[in-house]
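This report covers two regions of the chain shown below. Each is taken in turn.

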Amino acid sequence: MRLLTTVLWGAAMLVGLQNSVSSPDGVVDRSSRNLSSVPTDLPQTAESVDLSCNHIHQLHKGDFKNTNLLKFLNMSWNGLELIDAETFLDTPLLIDLDLSHNMLLNLSDQQYLLHTGNLAVLNLAWNQFPNMTLGSEFSFLVKLERLMLGAKMISTDDFKNVAKVKLHTLVLYLEEELEYETGSLMDVHAQKLQIVFSSHQTMLRDLVADALSVFPEVEMNNLTGSYKNLITQLSQKAEIHTSHLSLNAVVIDWKELTQCINAVLHTSIAHLSASDATIENPPYFDTRVAETSSMKSFTVRRGVVNSFFFSQEAMCNFFINMPVKHLAILDTSIIYMTCPKKQSPVIELDLSYCALSDSIFTRVEHDHIVDCETLVNLTKLSLVNNNLKNLHSLSKRVQYMTSLQHLDISVNSLVYDGFSVCMWPPNITIMNLSSGGLTHSVFKCLPKGLETLDLQNNQISVVPQSIFKLKNLSSLNLNSNKLRDLPGCNAFPVLNKLMLKSNSIHAPSVTRLETCPDLQTLDVSHNPFTCTCTVMNFIHLANEAENKRSHSGIELLSWPLSYYCTYPETVRDTTLKDFRIPEISCSISLLAAAILVPAVVLIITTVFLCHHLDVPWYIRMIWQWTKAKHRARMQQVRPEDLLGVEFHAFVSYSQHDEDWVKNFLLPNLESPMGGLRICHHERSFVPGKTIVENIMSCVEKSRRSVFVLSAHFVKSEWCHYELYFASHQRLSLGADSVVLVLLEPLPQYLIPSKYYQLKSMMSRHTYLEWPQDKGKHRLFWANLKAALQADLPNAPVTEINE
């Protein structure tokens with residue numbers, strides 16, 4: 001309960017101090033200002049006031065009338081001689097008062113304490129008190145937790161007025177000529193006694209005896225010699241109430257240190273610690289250590305050896321063979337630790353912040369390295385911040401620690417070649433490899449039974465999939481590495497917690513989390529997110545997790561404030577939650593639908609309209625008209641080539657198509673608008689000549705030949721002759737001397753084989769189709785006229801009548 005009270009008190013003090021710091025006027029520092037009185041301009045909001053190192057010899061009523069919120073007051077080093085009884089009448093919240101290093105004369109007359117009922121800390125050390133007799137006003141300090149005192153004499157009944165005050169810590173600053181009466185501390189009810197010795201002071205046997213009899217925790221500071229009384233009390237005292245004994249800032253001979261430790265090992269003291277210990281005359285040979293003890297823990301912190309010549313092995317042997325369950329040697333420059341000579345009872349060993357190398361726990365026999373086999377009870381080993389280099393070698397050093405469950409080897413410059421087989425003991429469940437410079441190959445050198453793995457602050461860029469499964473791994477910390485994406489859980493089937501803070505993840509692949517069915521906690525904060533479509537799935541997952549709607553049940557730590565964009569520049573420092581991008585831009589299906597649907601509709605509409613309006617026919621006819629006009633402009637016909645040419649065209653057709661020729665073709669071509677001269681057999685054939693002669697004559701007198709094609713045409717024998725002669729004329733006049741007019745559809749299979757010239761022409765020449773729609777007739781005639789138009793010599797004077 002006292003320990004809990006102390007923790008709560010410390011937390012309250014810390015919160016109060018933080019709150020005061022947070023207020024601009026809450027902390028007032030007027031120390032070392034050569035002041036002779038309390039300043040009158042202290043702000044009303046002041047919660048902490050430092051007036052130390054001035055010349056304020058007296059405190060009067062009203063000095064702090066304007067500081068009703070005052071909680072912390074430092075009046076040390078002022079030469080204070082007098083404090084009025086009502087000085088602190090206006091400071092009901094005062095919890096920490098420092099009056100040390102002043103000139104106060106009488107501890108039994110401190111009437112001002114009657115108005116400080118909320119005091120938790122009171123420092124009256126280093127004043128001019130002749131004795132330690134506390135006045136009745138101390139009995140009102142019912143909330144006092146820490147009391148610091150000093151006097152030249154300590155007598156019985158000096159502490160009777162604080163007998164009912166439940167202190168946590170009593171600090172006694174001993175003066176060099178202190179007189180102590182046996183039993184003087186019996187009235188004190190405190191969890192801890194701190195004794196601060198002055199330089200070259202002899203340890204008082206009776207004081208030590210009372211301290212070990214009364215207080216659960218005893219701390220002795222600034223010991224420089226004369227440990228005989230302490231060793232004597234530890235060796236001879238039948239009943240010791242102390243469970244925690246601490247020796248801090250001590251200078252001690254190795255022989256006295258080992259005697260003291262052995263003496264403690266034979267007592268009921270459960271915990272022994274020494275910090276800032278300077279060891280003189282270190283050993284050259286092994287020192288005997290007790291083989292059995294009820295002591296639970298031994299701790300050395302910041303140990304120093306004042307000699308270059310000694311046996312570190314002998315020193316290490318003494319400590320490692322101590323019969324304790326918890327052994328810690330911290331922040332001490334040891335480069336080697338030996339192995340216990342027989343099976344050790346140590347279950348927790350902490351050798352952090354030392355200078356240990358890979359040869360730890362080994363010995364050499366016959367030129368062979370022998371690993372330690374006596375730490376079989378060890379369950380927790382901490383080797384933080386040493387000089388360990390090789391992870392594989394370290395696995396060999398601990399391979400026989402069969403009970404080992406928790407291994408912390410963080411903050412070491414570890415490497416692993418990725419090939420050597422690691423030899424970890426089988427029961428390791430918790431492992432800390434943080435801050436070691438390891439790469440992804442470390443996953444090949446891990447105990448298979450791991451449940452918690454810390455690999456933060458390494459050089460891991462990927463979690464390889466081709467590794468043995470860590471079937472029990474539930475927590476994986478990969479913070480501050482170089483990962484570029486979320487790892488999958490194929491190798492960690494029961495992973496529950498995944499930490500990926502401060503990596504190089506630009507666009508987390510949320511689909512990889514589908515391999516993590518048991519994942520509940522995820523941290524991907526402080527990564528350089530690229531805010532494009534690729535991050536949208538992660539944002540969706542995060543929003544669902546925030547709203548407790550995620551089917552996976554994942555809790556995303558530090559969302560949303562620690563998740564922000566780093567690229568592109570336009571959205572830099574925008575939180576992912578506030579990042580917006582049109583959904584259609586990121587969905588291939590939506591984007592395809594948005595583009596393809598209108599395109600398909602447009603194509604269908606265009607095809608429908610083209611089909612309905614015969615657009616292809618119009619385009620084809622316009623193209624033919626354009627080509628005809630172009631040929632007419634580009635083709636230069638020499639006058640001698642037109643000698644004997646009287647007609648623009650000779651018309652060949654079947655008698656079954658005569659009505660169309662007479663009613664449509666001739667009127668449109670020979671009209672004033674057409675202006676063409678057509679050779680028609682009924683009016684142009686010369687009587688008396690054979691039909692063949694007339695055909696040949698008409699073909700020769702015509703610039704072009706027009707063939708009106710139909711099913712009847714290919715059945716006409718005379719049409720065949722006319723086509724034959726025209727094809728011969730085509731060789732002399734060029735490819736455009738023949739014009740085909742398709743009066744009706746004429747499939748190739750209906751054309752007889754003897755009309756091979758016609759088939760060839762239809763396959764290589766564009767022909768004009770007679771449209772059934774009257775609206776298209778004008779364009780048809782325009783095309784036909786353009787194909788036949790030519791500048792001919794004047795017609796002969798004598799014309800052939802019909």
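## A buried loop serine

S52 has a relative accessible area of 7%, and because the cut-off for buried is under 20%, S52 counts as buried. The model is a predicted one, and the values here are computed from it.

S52 sits in the loop that lies between β2 (48–50) and β3 (58–59). Its side chain makes a polar contact of 2.7 Å with the side chain of D50. Leaving aside residues up to four places away in sequence, S52 touches S31, S32, N74, S76, W77 and N78.

## Strand β14 and its partners

Strand β14 (244–253) has 7 of its 10 residues buried, so the rest of the structure largely encloses it.

β14 runs parallel to β13, and 5 bridges join the two. In this pairing V218 has L245 of β14 as its bridge partner. β14 also runs parallel to strand β15 (residues 271–280), with 9 bridges between them. Here the bridge partner of L245 is L272 in β15. Between β14 and β15 the chain passes through α4, and this β-α-β crossover is right-handed.

## Helix α3

Helix α3 spans residues 228–236, and its buried residues are N229, L230, I231, T232, Q233 and L234.

Definitions and conventions. Residues are numbered from 1 along each chain as its sequence is written. This is a predicted model: local features need pLDDT of at least 70, side-chain atom pairs count only at pLDDT 80 or more; totals for chains, interfaces and linings use all residues. Side-chain values use heavy atoms; hydrogens and water are left out. Buried means under 20% relative accessible area, exposed over 50%, partly exposed in between (1.4 Å probe, protein chains only). Helices (H or I, at least four residues) and strands (E, at least two) are DSSP runs, numbered from the N terminus. Contact means heavy atoms within 4.5 Å. Two strands pair if DSSP finds at least two bridges between them. A crossover is right-handed if, with the strands pointing away from the viewer, the path from the first strand over the helix to the second runs clockwise. A polar contact is a pair of N or O atoms within 3.5 Å; within protein, one must be able to donate a hydrogen and the other to accept it, and residues adjacent in sequence count only if both atoms are side-chain atoms.
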